[in-house]
Amino acid sequence: MASYKKLVANGYSRDIRSVAEIIDVPLTDPRPDEVLLKNHFGGVNASDLNISGGVYFSDGIFPFDLGCESIGEVIAVGEDVADFEVGDYAISPNLGSAFSEYLCRESEEFYKVPICTPGVMSLINAGVTASIGLDVVGEMGSDETVLVTAAAGSVGSWVVQLAKHAGNHVIGTCSTAEKGEQLKRLGCDRVVLYKDEDLGSVLSEEYPDGVDLVFEQVGQGTFDACVDNIAQKGRILICGFVSEYKSGPQEITSPRIYHKLLWKSASLRAFLFIDWPDHVPNHMDRNLQLIVDGIVDPLVDQTEFLGVEDAVEAVEFLHSGKNIGKVVLKY
């Protein structure tokens with residue numbers, strides 16, 4: 001019987017290499033309500049360490065599948081499936097998708113797309129996170145000052161473009177001049193190279209009225225600078241805190257945050273897009289159209305990672321901070 005490879009975890013650890021294992025799985029025909037997808041690209045995400053560490057999305061049963069979204073080609077469909085046919089392209093947005101050569105799941109778990117590219121794949125975990133975060137949770141308007149931290153990553157690059165497209169002044173943080181040039185190309189009005197400039201000083205000196213909307217993904221000192229420089233009635237969105245994904249929570253002794261927020265009527269809002277399921281279909285459709293129309297360039301890192309065998313290396317590469325845009329595994 002034919003088989004395929006996928007990556008699973010045999011325990012919890014933020015060191016994904018220590019718990020990950022490649023296993024062989026029998027390749028079976030789809031059941032009546034299922035679709036069999038041959039993956040072409042798998043998405044690598046910062047949250048892969050939270051998944052392997054058991055921080056979320058796991059029930060404690062081992063082994064469990066690793067990875068998030070993927071995109072590929074339908075190669076077989078069950079007899080009751082009406083919305084897919086062989087040769088269609090589809091995205092799988094669910095856990096266990098990225099680090100597997102094939103997926104066999106109920107048809108409702110896939111989202112049909114017209115083309116199969118890494119950029120199109122990014123419209124879900126990166127694009128939907130960005131658009132629901134900005135529009136629904138952050139209530140973004142126009143003519144606002146929007147700060148995007150980790151702006152050169154897959155989510156950040158979407159946020160920069162969506163915020164600019166809505167008519168806002170966009171500030172983006174990144175680590176290198178090379179990343180900064182990409183952010184300027186995508187629409188950043190001010191790029192802060194955090195290794196060369198102090199974010200808090202830049203904001204207090206150049207934006208004395210504060211920042212209206214912050215899309216925060218870093219944590220630690222970056223988060224503190226955002227809080228200190230939030231505008232009257234400003235909103236801080238917590239999408240992640242990648243600075244603590246490897247090490248775990250950093251203990252801090254300081255005055256409680258409401259001492260800073262109350263006097264500005266500012267708000268702190270944390271979100272995972274899956275908690276807004278009613279908005280996801282419309283945002284997927286809209287984001288796909290933005291790509292097709294050339295309004296959004298889904299930034300994809302050019303470093304090549306091939307097959308399940310390179311999955312752990314790809315995750316570690318992303319967490320090294322060297323990537324520019326979406327890190328992708330190619331099958």
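In the predicted model, helix H5 lies across strands S9 (145–148), S10 and S12 (211–216), and runs at about 170 degrees to S9. Helix H6 (residues 177–186) also packs on the sheet, where it touches S10 and S11, and its direction makes about 160 degrees with that of S10. The sheet in question is open and consists of 6 strands in the order S11-S10-S9-S12-S13-S14, with parallel pairing. Its edge strands are S11 (190–193) and S14 (267–270), each of which pairs on one side only. On average, neighbouring strands of this sheet are turned by 15 degrees against each other, direction ignored.

When neighbours within four places in sequence are left aside, valine 191 is in contact with Gly172, Cys174, Gly180, Leu183, Lys184 and Glu197. A separation of 34 Å is found between the C-alpha atoms of valine 191 and phenylalanine 99, which are 92 residues apart along the chain.

Helix H5 (residues 154–165) is also paired with helix H4 (residues 123–137): the two axes come within 8 Å and cross at roughly 45 degrees. The crossing of H4 and H5 is right-handed. On the side of H4, the contact is made by Leu123, Asn125, Ala126, Gly127, Thr129, Ala130, Ser131 and Leu134, and on the side of H5 by Ser154, Val155, Trp158, Val159, Leu162 and Ala163. By class, the residues of this contact comprise 9 nonpolar and 5 polar, with no charged residue.

A further open sheet is formed by 3 strands in the order S2-S1-S4, with antiparallel pairing. Strands S2 (20–26) and S4 (64–65) are its edges, and each pairs on one side only. Strand S1 (residues 3–9) is joined to S4 by 2 bridges in the antiparallel sense, and valine 8 stands opposite aspartate 65 in S4.

Strand S16 (residues 327–330) has pairings of both senses. With strand S3 (residues 34–44), S16 pairs in the antiparallel sense over 4 bridges; here phenylalanine 41 stands opposite lysine 330 in S16. With strand S15 (residues 305–306), S16 runs parallel and is joined by 2 bridges. In this second pairing, leucine 329 in S16 is the bridge partner of phenylalanine 305.

Helix H11 (residues 311–319) is mostly covered, with 7 of its 9 residues buried. The buried residues are Ala311, Val312, Ala314, Val315, Phe317, Leu318 and His319. Glycine 321 follows H11 and has a positive phi, near 80 degrees.

Key: Residues are numbered from 1 along each chain as its sequence is written. This is a predicted model: local features need pLDDT of at least 70, side-chain atom pairs count only at pLDDT 80 or more; totals for chains, interfaces and linings use all residues. Side-chain values use heavy atoms; hydrogens and water are left out. Two strands pair if DSSP finds at least two bridges between them. Axes are lines fitted to C-alpha atoms, for helices over the stretch in contact, and angles run from 0 to 180 degrees between N-to-C directions. A crossing is left-handed if the near helix is turned anticlockwise from the far one by less than a right angle, and right-handed if clockwise. Contact means heavy atoms within 4.5 Å. Ala, Val, Leu, Ile, Met, Phe, Trp, Tyr, Cys and Pro count as nonpolar, Asp, Glu, Lys and Arg as charged, and the others, Gly among them, as polar. Buried means under 20% relative accessible area, exposed over 50%, partly exposed in between (1.4 Å probe, protein chains only).
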